[in-house]
Amino acid sequence: MNNIFKLCFFICLLFTSSAIKAQKDKSVNVGITIMESSSLNFINLAGNTALYLQPTAPTEAGNALDFSNATNSDIWLNYSSIVRPGTSKNVMVQITDGEIPNGLTLKVIAGEDVKEGKGKTGNPTGQVVLSNQAKPVLTDLKSCYTGIGVAKGHNLTYSLELSSLDDYNQLTSTTNTISITYTFMENN
């Protein structure tokens, strides 16, 4: 009888330890999704996204307009980006409304990222002559963010220039409003 009791006790102990072990080895499947995304924002030192460019009128008869001060660096480009594996993005710029007055050229240059964010931010392409054709202003963005606000991301410098000295005769007194659009584009 004592042996039967020991055998029953041993079998119960075996089943109990198997049951306890089975409870410790349960698993759960967890799905993780990170969606591709892109967003841009402009921050202006003056609190808006409008800027004005104007050459300086001559102070003495016989002199030309002075375009050396027809620049503006008040706008900062902030962005966030998540890319799909094996891809990158460019930030494209183009005029989407309005026209540059005859005889003038409008340019923009993006400065280097000030490194207040993380990830692989875009590479500035140098000075871009603005037109109604989209051109890259930043290339090879991967998953990144620049931070939010003034002195975060890339400083944008706009300049208005005389196209050439031969175009001076095309200048007329005018006020034009131009809309410039920045767009993320996947780079394959």
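Author: Start with a cut-off. Buried means under 20% relative accessible area, exposed means over 50%, and partly exposed is in between. The model is a predicted one.

Reader: Why is G98 called partly exposed?

Author: G98 has 34% relative accessibility. That value falls between 20% and 50%, so the label is partly exposed.

Reader: Where does G98 lie, and what is it in contact with?

Author: G98 is in the loop between strand 3 (88–97) and strand 4 (104–110). Neighbours within four places in sequence aside, G98 contacts T177 and I178. G98 and I180 are 82 residues apart in sequence, yet 9.0 Å apart in space, C-alpha to C-alpha.

Reader: What makes V28 exposed?

Author: Its relative accessible area is 70%. The cut-off for exposed is over 50%, so V28 qualifies. V28 is found in the loop between helix 1 (2–24) and strand 1 (37–44). V28 also belongs to a nonpolar surface patch with V30, I32 and I34. Together they have about 510 Å² of accessible area.

Reader: How many aromatic pairs are there?

Author: The count is two. One of the pairs is Y79 with F184.

Reader: Why is the pair of Y79 and F184 called edge-to-face?

Author: Two values decide. The ring centres are 6.1 Å apart, and the limit for a pair is within 6.5 Å. The planes stand at 85°, and edge-to-face needs over 60 degrees.

Reader: How do you know that the charged end of K89 sits over the ring of F184?

Author: The charged end is 5.6 Å from the ring centre. The distance limit is within 6 Å, with an angle condition of within 35 degrees of the ring normal. K89 is listed as sitting over the ring of F184.

Reader: What makes E36 and K89 a salt bridge?

Author: The N to O distance between their side chains is 3.7 Å. The limit is within 4 Å, so the pair counts. E36 is in the loop between helix 1 and strand 1, and K89 is in strand 3, 53 residues apart.

Reader: How many salt bridges are found in the whole structure?

Author: Five. Among them is E36 with R84, whose closest N and O atoms are 3.3 Å apart. This pair links distant parts of the chain, 48 residues apart. Another is E186 with R84, at 2.4 Å between the closest N and O atoms. E186 lies in strand 11 and R84 in the loop between strand 2 and strand 3, so the pair ties together parts 102 residues apart in sequence.

Reader: Why are E36, R84 and E186 called partly exposed?

Author: Their values are 37% for E36, 39% for R84 and 32% for E186. Each falls between 20% and 50%, so each is partly exposed.

Reader: What joins E36, R84, K89 and E186 into one network?

Author: Salt bridges that share partners. E36 bridges to R84 and to K89. R84 also bridges to E186.

How values were computed: Residues are numbered from 1 along each chain as its sequence is written. This is a predicted model: local features need pLDDT of at least 70, side-chain atom pairs count only at pLDDT 80 or more; totals for chains, interfaces and linings use all residues. Side-chain values use heavy atoms; hydrogens and water are left out. Rings of Phe, Tyr and Trp (its six-membered ring) pair if their centres lie within 6.5 Å; planes under 30 degrees apart count as stacked, over 60 as edge-to-face and the rest as tilted. Patches are made of residues with over 30% relative accessible area and no salt bridge: like charges are joined within 9 Å, nonpolar side chains (Val, Leu, Ile, Met, Phe, Trp, Tyr) within 5 Å. Accessible areas come from the Shrake-Rupley method with a 1.4 Å probe; for residues, only the protein chains shown count as cover. Helices (H or I, at least four residues) and strands (E, at least two) are DSSP runs, numbered from the N terminus. Buried means under 20% relative accessible area, exposed over 50%, partly exposed in between (1.4 Å probe, protein chains only). Contact means heavy atoms within 4.5 Å.
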